[in-house]
Amino acid sequence: MMERQRYLIDFTLASLLRRKGKNGALLLVYTLVVFLLASVLFFSHALKREAALALKDAPEIIVQRTLSGRYHPVPLSWGSAIAEIRGVVEVTPRLWGYKYDSVFLANYTLCVPVEDPPSPAATASLEASASARC
Amino acid sequence: MRASTLYLALTSALACGMAGFALHASLEVAGAAAPLARKSALVRQLSLTDLCLFTEASYTRHPSMTDLATPFQDSPMSLEHFPSGALLQPPGHLGREESAP
């Protein structure tokens with residue numbers, strides 16, 4: 001039984017090898033197409049999976065305020081009004097801001113943990129040391 | 001040597017290679033648990049929203065938090081001038097028609 005299949009493989013290979021160039025080129029093109037498509041699919045799938053795993057504990061809803069097309073701080077007093085909406089379990093502020101670095105001429109976005117944030121004095125000393133370096 | 005012997009040997013070697021890739025991937029998954037837990041803790045602590053695939057503009061850094069106006073904030077008729085804006089599509093919820101319940 002196995003020998004019969006092997007004869008079939010021998011015959012198929014011999015037929016393919018009669019036109020080495022054409023069949024070799026076809027094999028190369030098919031390999032490249034599968035390689036390219038599989039790379040894109042695998043890479044995008046990996047990114048989506050990694051994002052889903054890493055962002056599992058991301059907030060379900062984020063409230064943000066825009067003013068003239070720019071993001072603007074939300075008053076803390078809005079939190080109590082939002083907490084009264086039916087279905088809202090918890091409201092936590094989110095601390096972030098921009099810091100302009102005049103050495104690199106770039107804006108940095110800083111995210112600060114809500115629990116145990118740096119004190120205003122520490123922030124002021126950071127500002128002072130930053131301006132002293134400039 | 002018969003061509004079928006070569007063919008079967010090559011196919012078997014490639015199948016072994018593929019099994020090796022699968023084995024390597026399953027071992028890497030076990031090893032990636034600790035870095036993933038660190039990333040997850042960072043997301044929880046800082047309330048992060050997206051994978052930061054591009055750093056240029058706020059709407060490409062955090063696509064889930066953007067709106068339709070921000071890319072054209074300089075002027076409604078201005079061209080959007082960040083290259084990553086051409087690579088990243090607006091999030092799906094901005095393009096969908098709102099249907100009344």
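Which residue of chain B forms a salt bridge with A:D57? The partner is B:R44, with the closest N and O atoms 2.6 Å apart. A salt bridge here is a side-chain nitrogen of Lys or Arg within 4 Å of a carboxyl oxygen of Asp or Glu. This is a predicted model, in which local features need pLDDT of at least 70 and side-chain atom pairs count only at pLDDT 80 or more, while totals for chains, interfaces and linings use all residues. Residues are numbered from 1 along each chain as its sequence is written, chains are lettered from A in the order in which they are written, and side-chain values use heavy atoms, with hydrogens and water left out.

**Interface of chain A and chain B**

- Chain A gives 30 residues to the contact and chain B gives 26 residues; contact means heavy atoms within 4.5 Å.
- The two chains bury about 2,600 Å² between them, 57% of it on carbon and sulfur atoms. Buried area is the accessible area (1.4 Å probe) that two parts lose on being put together, summed over both.
- Between the chains, 10 residue pairs are in polar contact, both residues at pLDDT 80 or more. A polar contact is a pair of N or O atoms within 3.5 Å; within protein, one must be able to donate a hydrogen and the other to accept it, and residues adjacent in sequence count only if both atoms are side-chain atoms.
- On the chain A side, helix 1 (2-17), helix 2 (20-54), strand 2 (70-72) and strand 4 (106-112) each give two or more residues. Helices (H or I, at least four residues) and strands (E, at least two) are DSSP runs, numbered from the N terminus.
- Helix 1 of chain A supplies the largest share of that side, seven residues.
- By class, that side has 18 nonpolar, four polar and eight charged residues. Ala, Val, Leu, Ile, Met, Phe, Trp, Tyr, Cys and Pro count as nonpolar, Asp, Glu, Lys and Arg as charged, and the others, Gly among them, as polar.

**Salt bridges**

- The structure holds four salt bridges over all chains, and four are found across the interface of chain A and chain B.
- A:E3 and B:R2 form a salt bridge, 2.6 Å from N to O. A:E3 lies in helix 1 of chain A and B:R2 in the segment before helix 1 of chain B, so the pair joins two chains.

**Helix packing between the chains**

- Helix 1 of chain A packs on helix 1 of chain B at about 95°, with axes 8 Å apart. Axes are lines fitted to C-alpha atoms, for helices over the stretch in contact, and angles run from 0 to 180 degrees between N-to-C directions.
- These two helices are therefore roughly perpendicular. Angles under 35 degrees count as roughly parallel, over 145 as roughly antiparallel, 65 to 115 as roughly perpendicular and the rest as oblique.
- Residues in this contact include A:R6, A:I9 and A:D10 from chain A and B:Y7 and B:L8 from chain B.
- Helix 2 of chain A and helix 2 of chain B pack at about 60°, with axes 8 Å apart. That makes the pair oblique.
- Here A:E50, A:L53 and A:A54 meet B:L36, B:K39, B:S40 and B:V43.

**Helix packing within chain B**

- Helix 1 (residues 3-31) and helix 2 (residues 33-46) of chain B pack at about 45°, with axes 5 Å apart.
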